Amino acid sequence: MIKEDSSPYEKYLPLVAAVAMFMQSLDGTILNTSLPSIAEDMNYSPLEMQSVIVSYTLTLALFIPLSGWLSDKFGTKRMFMFAVFLFTLGSFFCAISVDLITLNLSRILQAIGGSMMVPIARLAILYQYPRNQLLKIMNYITIPGLLGLVVGPSLGGFLSDNFSWHWIFLVNLPVGALGIFLAFKIMPNFKNTVGKFDILGLIYFSTALVLVTFALEVSSVGINHYSLVLGLVAAAVLLFILYYKHFKKTPKPIIDLNLFKIRTLRIGLLGSLITRFGISGLPFLLPLMMQVGFGFSASKAGMMLLPSALTTIAIKPWIVRLVKHFGYRNILISNTLFLAVIIFVFSFMQKDTPLMYYILLMIAYGAFTSIQMTAMNTISLADLNDDQASGGNSLLAIMQQLSISFGISIAALVLAFFKDKMDFYHGDLVTAFHLTLITLAVLTALSSLTFTKLKNGDGEKMSE
């Protein structure tokens with residue numbers, strides 16, 4: 001690994017990663033509450049706007065595997081600045097889009113930049129800091145990411161109602177300019193040895209990811225073409241098999257599958273994927289249940305998520321101490337079970353439930369989710385050396401993106417099942433939401449079994 005240039009401000013490198021985290025997570029949620037406004041302005045049905053989400057998600061799946069190779073080849077600083085520039089430029093074009101075609105094209109450009117921002121920023125941190133500081137630093141940079149996820153729906157609704165939908169994209173311009181300026185001043189330009197660009201491996205692996213992601217999107221919007229979904233999944237499996245055969249005979253593959261031999265990385269990635277099946281569906285289900293089931297306004301439903309954002313910040317100073325005292329294994333097992341209980345308790349919510357009940361649950365959800373995300377991400381990176389950092393970081397980014405898509409899709413599918421297929425509760429929509437939350441709680445509880453494979457001493461050097 002080569003450090004091409006240095007900066008007197010390198011100690012502020014986590015700030016650059018924090019800005020990237022915030023931009024990406026905010027963009028991932030702020031659009032959802034604004035889609036009806038965009039549809040009305042462009043004379044489309046809201047049901048036709050799903051392509052705006054799908055185009056972005058598919059592009060992320062296509063380009064995330066490329067981020068590690070590009071940053072190692074051309075340098076973390078250069079590629080990060082280029083990624084933020086593309087994301088910001090795409091945001092500007094989204095704001096001036098006049099129809100669905102131009103908006104989708106702009107979202108694709110935005111997603112190309114978005115696919116590289118967070119992975120490259122996190123890779124620079126892996127190269128810059130010793131492993132015993134990573135827990136503290138990763139704990140810090142996840143705050144803006146979690147804030148973006150929670151604040152996004154409220155901010156999207158506020159901007160659309162009080163200004164116009166264009167502002168949900170225009171807010172990215174000053175943040176993007178700040179990110180480029182901070183990267184120019186702060187970020188070192190790390191390079192690493194790379195082999196010949198594995199174009200065939202990228203085609204196999206990225207196309208498989210795109211097909212899986214597209215199958216999830218088709219399922220989540222309630223399109224009942226099961227033969228299409230099965231065909232997409234079968235094609236993805238075939239491409240993964242082809243990639244595995246290609247990987248076995250390629251000296252420098254785009255994704256090094258030998259990384260799965262690292263036990264903590266393997267458990268961290270698998271645990272992160274399965275756990276997010278349950279907890280990623282909650283931010284999708286709750287605002288929907290409050291609006292569709294209880295008749296709350298979009299603003300009120302969005303505001304209900306804010307207490308968890310405040311707790312996210314409040315709990316951060318304690319996470320390093322908790323992990324250091326109890327260890328990764330105990331923290332991840334118990335914390336996953338606590339999250340399952342919280343999701344289960346949400347299933348008792350009714351329209352006339354006192355406001356304090358909501359607030360207490362959201363505070364608990366924010367605290368335990370914050371601990372979970374920090375612990376899962378850092379244990380995955382605990383045993384990587386500098387030569388493995390790029391590939392392991394790319395795998396983590398891929399798994400995170402897939403798990404979010406999986407979580408939302410599973411929540412939507414389970415809700416559709418209880419809503420359309422079960423009639424023993426006489427079609428009560430609120431009951432369908434409650435049964436869906438119970439299902440997600442059970443799924444989350446079962447995911448804790450993954451972390452039983454960790455040893456008591458795993459990740460110790462992350463929290464020394």
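**Notebook: buried residues and helix pairs**

Leaving aside neighbours within four places in sequence, I looked up A236 and found that A236 is in contact with A208, L211 and V212, where contact means heavy atoms within 4.5 Å. This is a predicted model, in which local features need pLDDT of at least 70, side-chain atom pairs count only at pLDDT 80 or more, and totals for chains, interfaces and linings use all residues. Residues are numbered from 1 along each chain as its sequence is written, and side-chain values use heavy atoms, with hydrogens and water left out.

I then placed A236 in helix α10, residues 226–248; helices here are DSSP runs of H or I with at least four residues, numbered from the N terminus. A236 has 1% relative accessibility and therefore counts as buried (buried means under 20% relative accessible area, exposed over 50%, partly exposed in between, with a 1.4 Å probe and protein chains only).

**Entry on S67**

My next residue was S67, which is found in helix α3, residues 50–74. At 1% relative accessibility, S67 counts as buried, and, not counting residues up to four places away in sequence, S67 touches S115, M116, P119, I120 and S394.

**Entry on S106**

Which backbone oxygen does the side chain of S106 reach at 2.8 Å? I found that this is the backbone oxygen of T102, while the backbone oxygen of F93 is reached at 3.4 Å. Such a polar contact is a pair of N or O atoms within 3.5 Å; within protein, one must be able to donate a hydrogen and the other to accept it, and residues adjacent in sequence count only if both atoms are side-chain atoms. S106 lies in helix α5, residues 100–128, and is buried, with a relative accessible area of 8%. Not counting residues up to four places away in sequence, S106 touches G90, F93, C94 and S97.

I found T88 in helix α4, residues 76–95, where T88 counts as buried at 13% relative accessibility. Apart from neighbours within four places in sequence, T88 is in contact with M23, N172, L173 and G176.

I turned next to helix α1 (residues 13–30) and helix α8 (residues 172–186), which pack at an angle of about 155° with their axes 9 Å apart. Axes are lines fitted to C-alpha atoms, for helices over the stretch in contact, and angles run from 0 to 180 degrees between N-to-C directions. That angle makes α1 roughly antiparallel to α8 (under 35 degrees counts as roughly parallel, over 145 as roughly antiparallel, 65 to 115 as roughly perpendicular and the rest as oblique). The contact is made by L13, L15, V16, V19, M23 and D27 of α1 and by N172, V175, G176, G179, L182, A183 and I186 of α8.

**Entry on α14 and α17**

Last, I looked up helix α14 (residues 306–346) and helix α17 (residues 429–447), whose axes come within 8 Å and cross at roughly 175°. The two helices are therefore roughly antiparallel to each other. Among the residues that meet are T336, L337 and F344 in α14 and L437, A441 and S447 in α17.
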